Amino acid sequence: MPKIECHNLTKVFWIRNQSFEAIKDLNFEVDSGELVAVVGKTGCGKSTTLNVLLGLERPTHGRLAIDGKEPYKDFDFFRGKLSAVFQTDRLLPWRTVLQNATYGLEILHFPQQERVKKARYWLEKVGLTHFENAYPHELSGGMRQRVGIARAFSIDPEVLLCDEAFGHLDEVTARQLRDDFLNLIRETKKTSVFITHDIDEALELGERVLVLGKPARLLMNVQVPPATKENPTKQAEIKSRIIQAIESDGTRKE
Amino acid sequence: MDGEPLPKRRALNIEMVISLGALLLSWQVASLFLPEYVLPGFQLIFQEFLKMAQERTLFWDTLLTLYRILRGLITGFIVGALFGVVMGTVKKTEHYLMPIVNFIMGVPALSWTLIVILWFRGTETRILVLMLAISFPVFAHSVLDAIKGVSKEWMEMTLVFRPTRGQVFRMLILPSIVPHVLTAWKVTVGFAVRVVIVAELVGASTGVGFRMLQQQSLLNMSGVLAWTLVLVVSGLGMQSLISMVESRLLRWRPTLS
């Protein structure tokens, strides 16, 4: 059975008496331990899909389930099972680096000693050992995002969801962070969904890439085997196919 | 590479010394040409202080007034924060409670002073109710606004971990609203000093306000000014106390310097 099942998912928002479809009949599955990248144009409903996955938005129609349960309906079932790395770091400014990294563990009632131990382990993994007493405003954007990653991994979630996690960083920092992040994912074998608008990033990270149209629905489902990642020609070919699919979706609508 | 040195923090604010010094000097010079009951010199005000200290009113009445302010503000804060938290966290309560809060806030402080004198017996009850009436709406508004302003992004990040309602309040809402609450305290303290003095002038037989009234009825300008100085210093003292608490609680905040 797949870990994540999304079946005919539709999400409609009402803005000043006008309906707006963010997701329309979206179907996909993610297996346990798989790293899937979701790519699509800005504003195509990727983040709404992530919010439904996190249980923060209720689907209008259809069903999205993780382990057979719906994140919105069975909200408390997912206590300690989900983690997220967001586009902005979302660190709490009054907490130090260590306190931010222990945030999830504190919510899950881990004893003080254990949460400090776990948080320190993950801070070391992301290379922030010497900064645990710093406040977020004292860190660079890349370092702050690293704290966000440590916070997400610290609770040892079953599913890790990322929303444009490196999108606001400069290319060099983003590349470094992406590599480190990928290593952590491979090491921990977490089921992960990585949402991005950057096709190169999607191809670099994902074992499989889901291409979304606007409103969010599945245009393409592309397998990216490791051999493809090392073959620039093959990668360029897939990229142009993805671009074509997204562009033709746009043209069709216009 | 040598950077530009950071400006040193001065122990004494020279600009403040100059401006206050100029004010006091002109006062002293003017006092030489004007009658004592209009503009007494420093020596007279100082003598008045000595007299107040000897009679022990300086200490006890000041303490009593400060106690009244603090007790009133703490009560106002508790009630106001409760209103703010309920309105900010329980759906639709704002529609019911806010009109009441706004109505109470719309009644002028002077009207409240007269109303509490007619409604209640006993100086302490009157002053407490008065302080409550003028301070709690301010705290209610500031707590509500602060709760409404809690970042949606932080809230979503927190909800991913599936916290209890209590955890959301304790770990996210409470720390987020601290800066707003401290600002509300700073604003309200200044206001409370003015209101408590009026209350003591009108309806008390103790406290700084009452002492000022006594001095005024004796046409003793030095006495009125001495007590006024006590008030100014007390007000500034409370403000700096809050600032100290603020810099302790908000040490995580980046400073412009």
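Biologist: How do the residues that line the second largest pocket divide into nonpolar, polar and charged?

Modeller: In this predicted model, ten of those residues are nonpolar, one is polar and none is charged. The lining consists of Leu20(B), Leu23(B), Leu24(B), Trp27(B), Phe42(B), Ile45(B), Leu225(B), Thr228(B), Leu229(B), Val232(B) and Leu236(B).

Biologist: What is the make-up of the lining of the largest pocket by class?

Modeller: The lining of the largest pocket has nine nonpolar, four polar and five charged residues, and the space in this pocket is about 690 Å³. The lining has 18 residues, and those closest to the centre of the pocket are Met155(B), Leu159(B), Arg165(B), Val168(B) and Ile173(B). Helices α3 (57-89), α6 (123-148), α7 (152-160) and α8 (165-203) of chain B each supply at least two residues of the lining.

Biologist: Why does Gly203(B) count as buried?

Modeller: Buried means under 20% relative accessible area. Gly203(B) has 18% relative accessibility, and therefore counts as buried. This residue is found in helix α8 of chain B. With residues up to four places away in sequence left aside, Gly203(B) touches Ile117(B), Thr123(B) and Arg126(B). Its C-alpha atom is separated by 8.5 Å from that of Thr113(B), 90 residues apart along the chain.

Biologist: Which residues line the largest cavity?

Modeller: Thr113(B), Val116(B), Ile117(B), Thr123(B), Arg126(B), Ile127(B), Leu130(B), Ala199(B) and Gly203(B) line it. Helices α5, α6 and α8 of chain B give two or more residues each to this lining, with the largest share, four residues, from α6(B). About 50 Å³ of space lies in the largest cavity. What makes this space a cavity is that a 1.4 Å probe fits there but cannot get out.

Biologist: How do you know that the buried residues of α5(B) line one face of the helix?

Modeller: The buried residues of α5 (residues 109-119) of chain B are Trp112(B), Thr113(B) and Val116(B). Seen down the axis of α5(B), they fall within an arc of 105°, so they line one face. Leu110(B) and Leu118(B) are exposed on the other side of α5(B). The cover over the buried residues includes α4 (93-106), α6 and α8 of chain B.

Biologist: What puts the buried residues of α6(A) on the same side of that helix?

Modeller: Those residues are Ala174(A), Leu177(A), Arg178(A), Phe181(A), Leu182(A), Leu184(A) and Ile185(A). They lie on the same side of α6(A) because they cover an arc of only 160° around the axis. In general, an α-helix has 3.6 residues a turn, so residues three or four places apart point the same way.

Biologist: How does the reach of α6(A) stand against the expected span?

Modeller: Helix α6 (residues 171-188) of chain A has 18 residues, and its reach of 25 Å from first C-alpha to last is close to the 26 Å expected at 1.5 Å a residue.

Biologist: Which helix gives the most to the lining of the second largest cavity?

Modeller: With four residues, α6(A) gives the most. The lining has five nonpolar, no polar and two charged residues, and the volume of this cavity is about 40 Å³.

Key
Residues are numbered from 1 along each chain as its sequence is written. Chains are lettered from A and ligands numbered from 1 in the order in which they are written. This is a predicted model: local features need pLDDT of at least 70, side-chain atom pairs count only at pLDDT 80 or more; totals for chains, interfaces and linings use all residues. Side-chain values use heavy atoms; hydrogens and water are left out. On a 1 Å grid over the protein atoms alone, a cavity is a set of points where a 1.4 Å probe fits but cannot get out, and a pocket is an open set with protein on both sides within 12 Å along at least five of seven lines; lining residues have an atom within 4 Å of a point. Grid points are joined across faces, edges and corners, and a volume is the space filled by probe spheres set on the points. Ala, Val, Leu, Ile, Met, Phe, Trp, Tyr, Cys and Pro count as nonpolar, Asp, Glu, Lys and Arg as charged, and the others, Gly among them, as polar. The expected span of a helix is 1.5 Å times one less than its number of residues. Buried means under 20% relative accessible area, exposed over 50%, partly exposed in between (1.4 Å probe, protein chains only). The arc is that of the directions from the helix axis to the C-beta atoms. Contact means heavy atoms within 4.5 Å.
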